[in-house]
Amino acid sequence: MPQKEMRIIPKPPADAIVLTPEAGKLALEGKGGDTYRCGACKTRLMDNVSHMDVFHGEPFDAVKCPKCGKFNGLPEDDHHHH
Ligand SMILES: [Zn+2]
């Protein structure tokens, strides 16, 4: 089950789509095998997600970590498939 660390990004612009899960909740959960964690505090932000869930599901620009409040973008490496 791959664990991927997201990267901390500056606060996105107001029109960006930011997922803001509540404390203890996941931003996204699916039936894949990947776990994405906050790049700062390692909190799990997305669990059991697949590439399809993350990159080809509902689009979003960032996930705001409910624990440390930092904005996480998707890791660069995963932007190559299309
Ligand atoms: Zn965090």
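Helices (H or I, at least four residues) and strands (E, at least two) are here DSSP runs, numbered from the N terminus. By that criterion the protein chain contains 1 helix and 8 strands, and from the N terminus on its elements follow the order β-β-β-β-β-β-α-β-β. This is a predicted model, in which local features need pLDDT of at least 70 and side-chain atom pairs count only at pLDDT 80 or more, while totals for chains, interfaces and linings use all residues. Residues are numbered from 1 along each chain as its sequence is written.

**Overall dimensions and burial**

- The radius of gyration of the protein chain, taken over C-alpha atoms, is 12 Å, which agrees with the value near 12 Å for a compact globule of 82 residues; the globule rule behind this is 2.2 Å times the number of residues to the power 0.38.
- Taken along the principal axes, the C-alpha atoms of the protein chain fill a box of roughly 25 × 25 × 20 Å.
- A residue is called buried if 20 or more other C-beta atoms lie within 10 Å of its own, exposed if 12 or fewer do, and partly exposed in between, with C-beta atoms placed from the backbone; of the 82 residues of the protein chain, 18% count as buried.
- With contact defined as C-beta atoms, placed from the backbone, lying within 7 Å, 62% of the contacts between residues at least 6 apart in sequence join residues at least 24 apart.

**Sheet with S1, S5, S6 and S4**

- Two strands pair if DSSP finds at least two bridges between them, and 4 strands form an open sheet of mixed pairing in the order S1-S5-S6-S4.
- The edge strands of this sheet are strand S1 (3-5) and strand S4 (28-29), each of which pairs on one side only.
- S1 and strand S5 (residues 34-37) pair in the parallel sense over 3 bridges, and Gln 3 has Thr 35 in S5 as its bridge partner.
- S5 and S6 pair in the antiparallel sense over 3 bridges, with Arg 44 in S6 as the bridge partner of Arg 37; in their hairpin, which has 6 residues between the strands, Lys 42 takes a positive phi near 70 degrees.
- S4 and S6 pair in the parallel sense over 2 bridges, where Glu 29 has Asp 47 in S6 as its bridge partner.

**Sheet with S2, S8, S7 and S3**

- Another open sheet of 4 strands has the order S2-S8-S7-S3 and mixed pairing, and its edge strands are strand S2 (7-9) and S3, each pairing on one side only.
- S3 and S7 pair in the parallel sense over 2 bridges, and Leu 19 stands opposite Val 63 in S7.

**Nonpolar core**

- A nonpolar core is a set of buried Ala, Val, Leu, Ile, Met, Phe, Trp, Tyr and Cys residues joined through C-beta atoms within 7 Å; in the largest one, which has 13 residues, Met 6, Ala 27, Tyr 36, Leu 45, Met 46 and Val 63 touch the most other members.
- Strand S6 (44-49) and strand S7 (62-64) each supply at least two residues of this core, and S6 gives the most, with 3 residues.
- Not counting residues up to four places away in sequence, Tyr 36 touches Lys 4, Met 6, Leu 45, Met 46 and Val 49.

**Surroundings of Pro 21**

- Pro 21 is found in the loop between strand S3 (18-19) and S4, and Pro 21 counts as partly exposed because 19 other C-beta atoms lie within 10 Å.
- Leaving aside neighbours within four places in sequence, Pro 21 is in contact with Leu 26, Ala 27, Leu 45 and Pro 66.
- Pro 21 and Leu 45 are 24 residues apart in sequence and 8.0 Å apart in space, C-alpha to C-alpha.

How values were computed: Two residues are in contact if their C-beta atoms, placed from the backbone, lie within 7 Å.
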